[in-house]
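Good morning, and thank you for making time on the agenda.

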Amino acid sequence: MAEQSIISPENLVYKKTDVMTDRELHYCPGCGHGTAHRMLAEAIDELGIQSETIGVAPVGCSVLAYYYLNVDMQEAAHGRAPAVATGIKRVFPEKYVFTYQGDGDLAAIGTAETIHACNRGENILIVFINNGIYGMTGGQMAPTTLPGMKSSTCPMGRDVLTMGNPLKITELVAQLPGTYYVTRQSVHTPGNARKAKRAMKKALEYQKENKGACLVEVVSNCPSGWKMNPVDSNKWMEENMFPFYQLGDIKVPGKGLVSDGKNGS
Amino acid sequence: MAAKGDIIIDIERCKGCQVCLDACPKDVLEMSRKVNAKGYQYTVKVNSDCTGCANCAIVCPDAVISVYRVK
């Protein structure tokens, strides 16, 4: 069979979803944000809820998420995305509302908003991208930085005696009665990316049933902040991030907590 | 065996991160020797072993790859 005949509209099996705009992403080469955006967009596409979805963009690298996701978007002040999403969801209870936040936004300045929105059981989806660093501002230490991990503000590695312990906010909010589905995923391999998409899709479906807050954490890389090339940063993430931030469901509907996050810490 | 799949790479959007090279089970992809307008080396298809599994397209952060497969 000639190769030319393979490339025809009826043979198309994968292309960028229409829920992503055609604008070029500003993210660094190899950054997990692009894939995470697309998995969320594909989940929205597969559910056919593009016109009923409202997203809230954070402050951080993904501050420009509203350029890339082809749904109604609202920008929030730093860390306040869950509070803004609460308001949107209460005014439009029939819409699907999600926030898309990084670890500096969600786990540092926005800790209060995150915990209270989850505790109130707001029917929103929180997508949490955790790369253990403040990527946008130059790789400073974040609450999620691993012990011993180097960043521009802890060049000798994070010392837990003086700098405190990393915050596993996903396990923390899973303890709250208001959360319904809490899971940790990654998007660095095709299999993991597909799983992350399924998790986001599930969370959006639960939102229709008004079950409470859902949080999907995506452990991601930051090649620029970690000072590695993208392939090495994915390997480093597998070797160092995953033992501490273990992938998998943390709170599952019907079963409650399935992981206490204590393994591997 | 005739090729079952094929891909189209939007080379001007590619940032040369090489994540797709690891994802490809058939070693179909390699980096170009030339650079695109942004100055990045881009991914090119170097043989016809592509099965159209779409792994490369799924992990591509910039969604530059479209995948076709004979059904």
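**Sheet and core**

Let me begin with one pair of strands: strand 8 of chain A, residues 179–186, and strand 9 of chain A, residues 213–219, run parallel and are joined by 7 bridges. Within strand 9 of chain A, E217(A) is the bridge partner of R184(A). Please bear in mind throughout that this is a predicted model.

These two strands belong to an open sheet of 8 strands in chain A, with mixed pairing and the order 3-2-4-5-9-8-10-11. Its edges are strand 3 (72–75) and strand 11 (256–257) of chain A, each of which pairs on one side only.

I turn now to the helices. Helix 3 of chain A, residues 81–91, packs on the sheet and touches strand 2 (53–57), strand 3 and strand 4 (96–102) of chain A. The direction of helix 3 makes about 175° with that of strand 4 of chain A. Helix 8 of chain A lies across strands 4, 5 (125–130), 8 and 9 of chain A, and runs at about 165° to strand 8 of chain A.

Which residues have the most contacts inside the largest nonpolar core? They are L40(A), L125(A) and I65(B), in a core of 53 residues. Helix 8 of chain A (residues 190–208) supplies the largest share of this core, 7 residues.

L125(A) illustrates the packing: leaving aside residues up to four places away in sequence, its contacts include L40(A), V97(A), F98(A), M200(A), L204(A) and V216(A). A second, separate core has 22 residues, among them A76(A), A107(A), I124(A) and A174(A).

Note on methods:
Residues numbered from 1 in each chain as written. Chains lettered and ligands numbered in written order. Predicted model: local features only at pLDDT ≥ 70, side-chain atom pairs only at ≥ 80, totals over all residues. Heavy atoms only, no water. Core = buried A, V, L, I, M, F, W, Y, C linked by side-chain atoms within 4.5 Å. Buried < 20%, exposed > 50% of the residue type's maximum accessible area, 1.4 Å probe, protein only. Helix = DSSP H or I, 4+ residues; strand = E, 2+ residues; numbered from the N terminus. Contact = heavy atoms within 4.5 Å. Pairing = 2+ DSSP bridges. Axes fitted to C-alpha atoms, helices over the stretch in contact; angles between N-to-C directions.
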